[in-house]
Amino acid sequence: MRDWLIGLGAALACLVTSWAVLVLLARRLPPGPLRDLAAFLPDCLTTVRRLRRDPRVPRRARIAIVVAGVWLASPIDLIPEFLPVIGPLDDVVVVALALRYAGRQVPRQVLLDAWPGDPRLLLRLLGAPK
């Protein structure tokens, strides 16, 4: 049991450390694509938190957004987080799909209001309005 708890603690420490590095890079890097990439997951988590509480978001979209937020915060992933570059890839894909799904059901302005980062990145992710 002790070994299992140590392993769980180490996995949690790795997750927290990777998130701290992303937040630090998102704040310290000069504006550009690299900063946008580092800020993407923290911005997504903030957006999930804001949309979860917004009454203008339909229930189906809210469920998709909450599932994406839980996936993002979960230490269990398809691709382990400690792998450089490709580690957060499954998180990015799941959140991008959830935001695209919500983008079809939620007014675009609601999504833009909830997005803390550069709105051009979110607009590129959502695609052309229908």
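Residues are numbered from 1 along each chain as its sequence is written. In this predicted model, local features need pLDDT of at least 70 and side-chain atom pairs count only at pLDDT 80 or more, whereas totals for chains, interfaces and linings use all residues; side-chain values use heavy atoms, with hydrogens and water left out.

Helix H2 spans residues 33-53 and contains Leu51 as well as Thr47 (helices are DSSP runs of H or I of at least four residues, numbered from the N terminus). Leu51 is buried, its relative accessible area being 0% (buried, under 20%; exposed, over 50%; partly exposed in between; 1.4 Å probe, protein chains only). Thr47 is likewise buried, at 1%.

With neighbours within four places in sequence set aside, Leu51 is in contact (heavy atoms within 4.5 Å) with Val57, Arg62, Ile65, Val110, Leu111 and Ala114. The C-alpha atoms of Leu51 and Asp113 are 9.3 Å apart, with a sequence separation of 62 residues. Under the same exclusion, the contacts of Thr47 are Leu99, Ala114, Trp115 and Pro116.

Trp4, located in helix H1 (residues 2-28), counts as exposed at 56% relative accessibility. Together with Met1, Leu5 and Leu8, Trp4 makes a nonpolar surface patch of about 510 Å². Such patches are made of residues with over 30% relative accessible area and no salt bridge, nonpolar side chains (Val, Leu, Ile, Met, Phe, Trp, Tyr) being joined within 5 Å and like charges within 9 Å. A salt bridge is a side-chain nitrogen of Lys or Arg within 4 Å of a carboxyl oxygen of Asp or Glu. Accessible areas come from the Shrake-Rupley method with a 1.4 Å probe, and for residues only the protein chains shown count as cover.

Notes:
Helices (H or I, at least four residues) and strands (E, at least two) are DSSP runs, numbered from the N terminus.
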